Amino acid sequence: MGKSRRKQKVIPPPQLPPDVPEEDIEFSDEDLKYVEENTEYARFVSRLDTAAIDKQCGGRVKTVEDKYEEERSKKKTLQEEKRNGEILVDPVDVLPVKTLDGKLHYRTESKKSKLAEAETDEAEKDVLDDENILNKSQRREKAKKSKREAKKHEKDFPNEILQEEETPQAALLAEVKEELSAAETFENKKNKLAELGMLLLSDPEANIKSLKEMLDICKDENTKIVKLGLLSLLAVFKDIIPGYRIRLPTEKELEMKISKEVKKTRFYESTLLKAYKSYLQKLIRFEKLSVYNQIANRCLCTLLEAVPHFNYRDNLLIAVVRNISSPDEVVRRLCCSTIRSLFSNEGKHGGELTVQAVRLIADHVKAHNCQLHPNAIEVFMSIRFDEDIGKRDKEDEHNKKYKKNNKRKAQEEQNQVQENERKKSKQEMMSKIRDEVSADYRGVTYEPDAKERRKMQTETLSAVFETYFRILRNTMYTIGERTEENPTSNPGAFGSHPLLAPCLDGLAKFTQQLDLDYIGDLMNYLKKLASSSSVSNNTKQKNSKLLTVSERLRCCLVAFKVMRSNLNALNVDLQDFFVQLYNLILEYRPGRDSGVVLAESLKIMLCDDRHQDMQKAAAFVKRLATFALCFGCAESMSALVTLKTLLQKNVKCRNLLENDAGGGSVSGSIAKYQPYETDPNLSGALATVLWELSLLSKHYHPAISTMATTVSNMNTSQSQTFLSAVTPQQAFADFSLVKESFELKNESRKLNKRKRESLPEEAKNVPEIDMVKLSKKLKENFTILRDIKEDERERMELQSEKKKPLKKQNNVVKKKLKNPKSKKKI
Amino acid sequence: MGKLGKKARKFAKKNLQSVEKRSRKLKPFIKKKFAKRNERHQAGDKQEKKVEQQPKKRCQEEEFQDIAIDAVFGKDDDEVLRDGDSDSDGYLDELVNETDSDIMKCKVLSRSFLATCCDMVDKEQYVPALVRLLNWYRAACQYGHEPSGIARPNIYYDIEDSETFAKVIIFVLQKADHTFRSILGLSDSSTKEKILKLKNNPKWDSLKPLVKSFFRSTLHLVKQAGDLEIISFTLTQLRVSIVFLAAFPDLLKKLIKISVHLWVTGEETISQQAFLILKDISMVFNSECFDSCLINMYKAFLHDCDIPKANSEQRPFLRDSLVELCSQDVQKSYTKASVSITQLAKLLKMALATKNKEAVEKIHSGEYINCVDLWVNFIAANVQDCDLQPLLYTIVQVINGVAQLIIGPRYLLLRVKCIHWLNHLSRTSGIFIPIASLVLDMLEYKTTNDGEKQEQKLEAVSTVKLPKNWLKSQNFQEQCIFSVIELLAVHFAQWSFHISFPDLATIPVMRLKKFHERSTMEGLKRVVKRFIEQVESNIEFVQRKRDDVTFSPNDQQSADTFMQLEKQNANAPYTQYYQSIIDKALGTNKKKKK
């Protein structure tokens, strides 16, 4: 719109001098002289845009390229001029007019500027208003947008155009603004956010005030805008938050005189902090609303992960921990991974947050009575406990202290006499200041000394173990509750014992850190938990609160791991756990229970156990063999591997492989094998023979059958000390169906069997056919076919005669329905 | 249509749509495009191998969606179908007979003339009469299905009445083979090679068109006839002369197609007869046609599995007959089976790894289950005589995978089926396949409400997945327990005299006892108790016997001979008990079918 108007207003170029070929022009001496005299005047010549002049004035026909060229150069100059705060001057107007007497006339600048001013149209003016904020590209965009709007407007109301052109600019603008659709406002705000964000990122010190503006945008009603705002703020904060914690100046400090620089920094910091605070408040508020839950949590988590050293981290942590067991999977994952990263990157926050997080989680678990998602506890697995924190430091320190003390002592002795109060106070002050400085330094560097770190670690550990023990106790309590027939307490949303599995895993991992005093208790708990189900079997009530086989196996496993990691320092009887395992093997159901756990318990409890009672080992050998007969190949294989290891370790158990008359020479006190006995020591397994191997060697799986054969061929006399390299876990994994390759070995095998000569047999298969009936049927068939044929012919004839009596046609149709083909479909 | 040259006819086939339409009308029954293996077949084994290898290679790169169970054997176009049809159905020339009696010129078949004709053919093998007779036979076979609108004033064969119609068909079908053979001087047990040698025989030149006409007419009759008995009679008669088809590969192919179709869709007798034809074909023309028959049947069978039909009880027959065919040439079937089983395994692997719905559904499809069923039966039928160990191993793993893919009471029937398969394979191969854990899991399929009594018939269900509401019915629980007992009985019956039996039965007995303790349903308790008692007596018996033996477990030979004598007698109470359970189960299955 504007352009066209401008074109109209352009003053027509002055009359061109008559077209004279250049060779014909003769410079008079006067001319030359004039130029020489007034070199300044001629400077324009060098600046002349000959091309533009040509285009404007020459009779040349403008091509499209030329037009484009013109447009571009115009724009370029326009922009340049604008930037310099100058006024547009069309090069055409700059042309001087040479009068007949040889004098050049120039248009005065003021005149031109007015002209140029008149040319700028409303839209552009609008743009100019914002010029100081917008950068070039955005300005262009804006201009484009307003043009687009205008265009749209034109399209919508073509009739109004004429009127509008006459209305004053302001009114027009207002109207245009009113017409802005929601989408455009959205677009606007988005752009605004982007602008502000970019500004902040490019120069945070100068534009720190924009934070507030961005926060204001987040108050929008449009959820999309709010989300975008939150995310942009997140990006900004993540970038501009300094690597130190901001401490707001105290009043005392405020009173002090300070330099401009410091003032500026203080202002910057306080603004940033304020904005950050209100941002966090907003986030924490939003986090409870379902609409913003995910986005707010993402912001919180990212911030906590990125700037765990900064102010208000406690609030962040609290918010994140609160959502650690969120029913929303995305949020939960996010929170958990954030906490994990906190644990694994302690350098960022000096370990303080670890303690706090663990503490908070412990409280969370307590508050929810252990009904949380397993992920909430699994994060503990990422905590690292350093055994020898600052051991070296400690030694150094110790030495230093010793020396210091010595020195001090000597000094004191020396100065004892002349000791006066003034000096003393001075000394105190000095040390105080030193302490302060070092404290400040520490506050900045986040490197707590070893002592502190150890303290934090103990705190963390105690919180972790508190949580674990709470879970164990809670599980025991719920099991106990069940026996008292309490049907009201129903399992939570996460299953009956959601935290038990990760808790046991954690216990197994951190068992080394566990205080010896607690181990006794822990073992008792585990024992009770492991045996929990066997008690309940007597009551016929099935209850979901029962521990699963996997969980009970895990209990046994943890018990063994605890014992082993403490080098069997404690004299705890593990016999009960063996009994449990002995029975749990039978409770195992593939698919329902984790075979991996079973294999692991076989490994830890049987393969790795050093001194085993012969009777017990034999019982396990027998049970495993029996087990292998009933289960799939993965389970069978891991059982057989364990069995083999057991036999290799216990020479006497190899008697099971031999059938001595009278049930074996080493049979214990029990003369006969009791397969249904629950205690391995009372099963009398030594009296039996491993007949299972005989059937197992017929197993369909070639690996199992060879394994069974090798086991059955083990020598009883020699002590075979080599152990098989394969662990039960490995065997289980290798032979599970998921790993099965199902590759058929396509050897070219000769199969001797060919044709079966069974011709006489076939003769029987010939059905008896009643010829009379058959011929009758054939006759019927014929009649029907003939009828159809007749009808067909008649119809053909009729058609050829172009006569169509309806009656006959109907007949045809009726008879056609009797078509024998329809019979066939039956 | 007048008699066009062969090329012209082919051209018409290809380019004239009306002709196409007509030919489509003529064979409306072939609804499904059976993938055809056309000329490649005759080209010999070299190409055949290529065809087999190609899909295999492709499958390795394929996504599972693309792995179709029946895509194993390559896809061919249905060009052949047209080619087979394209040969003219023209009448035989009767130039020879021009000089003969006047009656010969009569184109309307009368009863009396037929009688004389028959007589001449029957007694003297008089060729012109045979030609005449075959022409009429053709007319009879095509009766009512002639190309409409084209009259043939010069040679127009008509049939006087229904009597003659019936007689000409029956006579030709009954006597043609015999007549041909006696003219050519062949015995009844001539082989394909002899037929092929006939080329040198001067008599063959004159007889060849007659034989061809006979076959073509007969095929037409089979295709068009609507009546069960006509078809089955025709098929029976056709079977005798299959050897002659050696000279007409196109017709042979056509016959295979028709027979496969009839085999899959036809009723019991027709299906049976069609199968016999296919079997004869594959026996007589072993090298060329075995694959063709097998593949066509395999595909038709699998395709049939996807269509829910009323006559699903015919499926076992289809399966058995296919197995029978496969057993004809185990060597060839072995390669087919291994390709197919690899496909099954691939699908299963996909499902096990992803557990996504689509993949699991594919496993539970009728196609998959029936394919497994087919190969299980094939292996079971042949494992005794041939070394099918790799196939056996893979299929057992596949079945285990299918049984464990989704655990839950809703898949009870599928699991029962899987265990049946395993038992079947184990029994036929003599290999030990553990099933106890699979079976015993079913004991723990608990009903949520014991008191709820819903009488529902389980028989009506043929789907893999049971409807949810059934799980609560008491009937369901009963079904579970009965299945457990039945399957265990089969398993135990197989190993009841094995030296390891007491150990094999230990865990199942413990589990059953536990169930017995816990169950509240008296009826079931009684059944379970009886079973436990029988098994325990079996255990005790074997235990007593094995206490006396002197060999050790590593002495496999002695272990194998252990108690073989007792096994022969098989009158131990528990053996009879197992047998009674198995019989009972079979009985109920049969009852279900009825």
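The questions and answers below concern a predicted model.

Biologist: How many disulfides are there over all chains?
Modeller: A disulfide is a covalent bond between the sulfur atoms of two cysteines. For a pair to count, the sulfur atoms must lie within 2.5 Å. Over all chains, the count comes to 0.

Biologist: Is C326(B) buried or exposed?
Modeller: A residue counts as buried under 20% relative accessible area. C326(B) has a value of 1%, so the residue is buried.

Biologist: What span does helix α7 of chain B reach from its first C-alpha to its last?
Modeller: The helix takes in residues 127-141, which is 15 residues. At 1.5 Å a residue, 21 Å is expected. The model comes close to that, with a span of 20 Å.

Biologist: How many residues of α7(B) are buried?
Modeller: The helix is mostly covered. Of its 15 residues, the number buried is 14.

Biologist: Is C370(A) buried or exposed?
Modeller: N369(A) is partly exposed because its relative accessibility is 49%. C370(A) has a relative accessibility of 3%, so this residue counts as buried.

Biologist: What is the average pLDDT of chain B?
Modeller: In chain B, pLDDT stays under 50 over residues 94-106 and over residues 148-154. At least 70 is scored by 68% of the residues. The chain averages a pLDDT of 71.

Key. Residues are numbered from 1 along each chain as its sequence is written. Chains are lettered from A and ligands numbered from 1 in the order in which they are written. This is a predicted model: local features need pLDDT of at least 70, side-chain atom pairs count only at pLDDT 80 or more; totals for chains, interfaces and linings use all residues. Side-chain values use heavy atoms; hydrogens and water are left out. Buried means under 20% relative accessible area, exposed over 50%, partly exposed in between (1.4 Å probe, protein chains only). pLDDT is the predictor's confidence in each residue, from 0 to 100. Contact means heavy atoms within 4.5 Å. Helices (H or I, at least four residues) and strands (E, at least two) are DSSP runs, numbered from the N terminus. The expected span of a helix is 1.5 Å times one less than its number of residues.
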